[in-house]
Structures are given as structure tokens and as C-alpha cells.
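This report looks at one strand and its neighbours, then at one helix pair.

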Amino acid sequence: MDFRIADTFTASLARLTGDEQKAVKTTAFDLQLNPASPGNSFHKLDQAKDKNFWSLRVSSDLRLIVHKTPGSLLPCYVNHHDKAYDWAERRKLETHPKTGAAQLVEIRETVKEVLVPVYVPAELPAPRKAPKPPLFADKSDDELIGYGVPAEWLNDVRQATEDSLLLLADHLPAEASEALLELATGGKPRVAQPATSVTNPFDHPDAQRRFRVMTNVEELQRALDFPWEKWTVFLHPEQRQWVERDYTGPARISGSAGTGKTIVALHRAVQLARTHPEARVLLTTFSDTLANALHTKLKRLIGSEPRLAERIDVHSLNAVGLRLYKSHCGPVNLARREVVQELLEAAAKTVGGHKFSRHFLLTEWEQVVDAWQLASWESYRDVARLGRKTRLPEAQRAVLWSIFERVRAGLQAQKLTTHADLFTALASAWAKSKHPPFDFAVVDEAQDISVAHLRFFAALGADQPNALFFAGDLGQRILQPPFSWKSLGVDIRGRSRNLRINYRTSHQIRLQADRLLGPEVSDVDGNAENRNDTVSVFNGPPPVIRVLKDETEEEVAVGSWLAEQSKAGLRPHEIGVFVRSPAQLNRAKAAVAASGLPFKVLDEHVETLNGHVSISTMHLAKGLEFRAVVALACDDEIIPLQQRIETVGDDADLQEVYDTERHLLYVACTRARDHLLVTSVKPASEFLDDLLN
């Protein structure tokens, strides 16, 4: 007998309390080990339309809904008695009439009315506003059924508008709702193809996304302990085309947080390794932390294919650069930032550059002189200084160049190399080589790579088909100033795609977080990322934004909110708490302690701990996901950070500071899947007004 679990089961399990989940898991293990055991208290559901639905007693009130046939056991849902029975009475497991794939379908006749959802009061239409037109009125029955829409729901689908689509999607099979969301945002969903060679409806690829075969207790244990793991490597069929496509040059996938960019990058690396058996593939990102997360996801995706994994190198960019430099160019001593700072200060005193602040000198060196590898007065005098908008007369530039010349001489005297030097040397070496170290490079979080990094990639394969693939979100750029990719030979125009469907973050959280950024973000080369047409695939409660009178009140409010989330069934490791800077970590620790939940403060390795709430700065939030998130201490002068504002010498540079500070808060808020709390002490950050308006 085949034992499977449905994704609806793991989703319902995650909503229960910790003790309830333990009881359900015990029952599921017993059912898998001995389906015929007399201890399995099955009850026939007389009111269910699907006569293969049975109820299995877990406790005095908990019931596990199982679809049971002579050849298959399928746990489908778990909840308290009445809710579990109600779910089963409104569902049936059937075979898609076109593809032959198994799907769980809600019975239309049980739904009396589909109400238009209200997400936030600001979205309510004006009383006299004309009704919005239906989205799918021109679609034929055959086309809609081909997308997985059950026949009894065709009329509702044709009447769906922008306002009612999300609520309607909750009633449809997942493959149908995702196809309709793709249509609504201007895409063209893949039409499911009939599986002529598949006789078991569970063996169809579409069904395998929803129903997982469990071959042993260990596999079931992993599936129930970490149900979110399926999301870390899940590739939606609509994204597959961007993974499998051939590109004539560099390509980039963009999209707001939660749209699956990292998953596309991950699958792209695997696809390249599979289709080019002798090739070496670099899968990289800008930090060791994110590279470790990529490596974990890669193991989940191809854990059973060790030889494939051997040809995919997963490292941070700086780690890759250091390794390659040592093997091809020899030993290297990297210049620490503190050493560069000392050289800058000494040079400034020598040439009378006291009018320039320490911060300005360091960033001018890092973002202009070192980044672009400027080696002469003429090159510095004429550089466009993209991202560094403070106006500098030629006389001031001359003084600055005399400072930077001394810094270069000081580094050379100490035989020190910067990361920009290192990658520039590697780029020069690969430009002359017929045998680069990698055949393909896939780069995640590409919005935060540097000028020198991009030069390195350009040398690896800017003019080769399929050689370079980038994934990133301009709205999450927090580390690097903007610069022109095209000027460095990496031209993605015509090969850039925006992902529009958000699978990770609820509609309500995504909608408010996007207000921090505006409807469109563009890069220096004119490539635009439009956020107006992004759609989340599920609903959730509206974010809670609270401005408290003092830190004590904030501590109590956050502690109470966290305790409520725990009581509602969230486990501690499904909760993240973020603050702007290390200076606010004590406020976060006090608030979590008030909830009674254990916690761990994350370091640069960002290793979360099972059974513990994660606390970290917003800079370390990249790549993390939680069911509930608190963005705490969002006070005036904390975000945007007053120390950064005080270092600004020009209004144009001030805008760059504000942009990256907004991006930080956006990153923190979009780590949440279902629940978001944003708090501050009066006076609150001005960004909270943007979130609310």
C-alpha cells in the first residue's frame, strides 16, 4: 500500500500548537507503520461526498482526515473535530479530466457566496466607483479546465475581478489558482499536458507537487518536522521556462521579495550541470551566510545525485576570489578595512585634507577609487562617480587624489591587496585564458555585487551563451551603490525577466511592505522592475504597526504578541525578530524574554536553532524566512540611522542613504510569511507613515 501525505495536511499541521503537533505526528507514524492496527480508530464520514474520506482519532478533539483506498493511504488534513469534518465534507479527490493528475477539489455547491475580501481599509473602493471588469470572461471552458479549474467553478472564475480573485483562489486546486494569478498579472501559464503514459493519477508531475510518497518513518519525520523545506527548493512550473531557456548572453531574473528568485537560480545551476555533463558551474552570492544557505538548499534538491553536486561549486564571491587568486596568482595578503582607514587618515593629515570627514574619505576610496581601480589623476578627475553624487570641484578632487595616491603607495609598501585589486587581477587573467575555471556562473542577490565582481564575471563569459545568470531585487540593494552593468560589458537588456507571483509572503504583508519602495525601481541602465503587478498566492492577517510611549511598553507589547503567536501554534524557530543595528539588540532580547520563549542572537553565520526565536540585525535578515516576524525599535533616528545621515555632504547622497535604509526595513518585513509586527517608541520613524499610507 502506498503511503503519501498531501500538502494540505502539512499546512494544517503547522497551524496547531506544539503539543497537538506531537500527537498528530505520533498518529501519522503509527498509521504508516501499521495501517491495519486495531489501535487506529477510523470513523466513516457519512456526510462526505467522497466516500473514501475517513476520520482518524488523534485525541479527544483532534481528527486526522485520511483518504483511504485498497492501494493508498493519504493523510489530507488535521484539525479539531468539527473543523476537520467540515473540511472533508467540502472536498473530493478526483482525477483531472485532461491531464489525469490527482487533485483535491472543493465542492462548489457547498460555497453559498464568494465574498470580496477586505485587506486594509485604504483599499476599500470609493462608494460610487464603477465595478471592476471580470478578468477571465473571454476564456473558454476548454482553456480554463486546461489550467486545472474544476468544471463546477467555471462560472465563478469568469466573474472574478481584481478584488475577488484572491479569495476565489483559496477555493480552487493550487495549480488552478496559480495559473489564474499568472494570467491576471499578464503571464501565459503553461497548459498541463496529458500524461499518456501515466496510469496512476498520483504519478503525474502536477500531482507529485501536491502529494509526496513517504517510503519510511525517517522520511515522514523530516516532512513533518520541517514542512517548509519543500518551499526552499520548490520550483513552480511557470518558473521552469526561465530555468531551462537558452540565452544568447547574460540574463537576469528580477522580482520583489518572495517571488522565488533564489529558487530559480538554484534550479538554473542544477539545470546547467545536468545538460552539460563535463561543465563546472559556480553558484555564488555576496556573503558567506547566503552561500551557506544556498549550499543547504542544493543538498536538499540533489542530495541523491552526489556526482552532480561535485560539479557545482557553492561559495561566496570573496571566498571564490581568494581561492582562485591563491591557485593562479600566488599568496595574497588582504587589506583589512581598519588598515585602509589608518592610511587614509595619515595621508589626509599630510596633504591638509582635514575638511573631508573620515566617512567620506573611506567611502570615496571604496566606492570610486578602489572599486573602479583608478590608477591616475586623469582617470579620477574624469570619473562619472555613479552613486557618489556629492559635487566635487577639480581643486578638491586634486587634493583627494593626492590622498588616495599615498594610500595606494602605503598598501603596496605593506604588500596588501584589496578585494577589488584581487578580482581585477583575476578578470585580467581570465580575459587572456582559453580555460576559465568555470563554464557557467549563477549569481544570487546580484543587486549587491560590486564593480570588481562584475568585471570578474564579464571576463568569465559576458559574450558566451548561457554563461552568466543573475537573480536579484533592486529593492533589496543595501550594500553597493548603483552602477552601470552595461559599461562593464554585461548587458542584460532583452534578457531580463520580472517574476510577479509571490509564494512566500501573504498579500497583506507584501502590499504594505511594497509601500516602502514605490511602484517601480530602475537600475542605471534603464532596466525597470515594476511592483504594481505582483500578486501573492495566499491571504493572511494585516500587519500590525504600533507606536509605543517608551521601551518598557514596547517590551510588554512585543512579548504579548509573541506569546499569542506561540499559543496559536507557531513554534519558536518559526519566529524572527529584527532590529536596525547591534545597539538595539538588547531591546529585542528583553522583548522576547518577556514572552517566555527561548531565543538565539544570530551571528554572521546566521544559523537558526530549532526551538528558539531568532534575533538579528536587519543586515543579516537576507535569505531568512519565518512564519512570523517582528521589526522592532523602528524609532526616529534609528531608521534611517542618524549617524549615516550626519555623514552626508550633499542632498543627492542623502537620497541614497534614505533608499538603502528603506531597503533594510523592506528586507526585514518581507522575511515574514503570515504575521508581521512593526513597533517603535515615540517619535516613530517616518518610514512607518509610508507603511500605513
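## Strand S12: both faces covered

The model is predicted. In it, strand S12 spans residues 440-443 and is covered on both faces. Phe-440 and Val-442 lie on one side and are buried.

## Pairing partners of S12

S12 pairs with strand S10, residues 281-285. The sense is parallel, over 4 bridges. Here Thr-284 stands opposite Val-443 of S12.

Val-442 has Phe-469 of S13 as its bridge partner.

## Helices H12 and H13: geometry

Helix H12 covers residues 261-275, and helix H13 covers residues 288-302. Their axes come within 11 Å. How do the axes cross? At roughly 55°, which means that H12 is oblique to H13. The crossing of H12 past H13 is right-handed.

## Helices H12 and H13: contact

Which residues make the contact? H12 contributes Thr-262, Leu-266, His-267, Val-270 and Arg-274. H13 contributes Leu-294, Lys-297, Leu-298, Leu-301 and Ile-302.

By class, the residues of this contact divide into 6 nonpolar, 2 polar and 2 charged.

Key:
Residues numbered from 1 in each chain as written. Predicted model: local features only at pLDDT ≥ 70, side-chain atom pairs only at ≥ 80, totals over all residues. Heavy atoms only, no water. Axes fitted to C-alpha atoms, helices over the stretch in contact; angles between N-to-C directions. Helix = DSSP H or I, 4+ residues; strand = E, 2+ residues; numbered from the N terminus. Parallel < 35°, antiparallel > 145°, perpendicular 65-115°, else oblique. Left-handed = near helix turned anticlockwise from the far one by under 90°. Contact = heavy atoms within 4.5 Å. Nonpolar A, V, L, I, M, F, W, Y, C, P; charged D, E, K, R; others polar. Buried < 20%, exposed > 50% of the residue type's maximum accessible area, 1.4 Å probe, protein only. Pairing = 2+ DSSP bridges.
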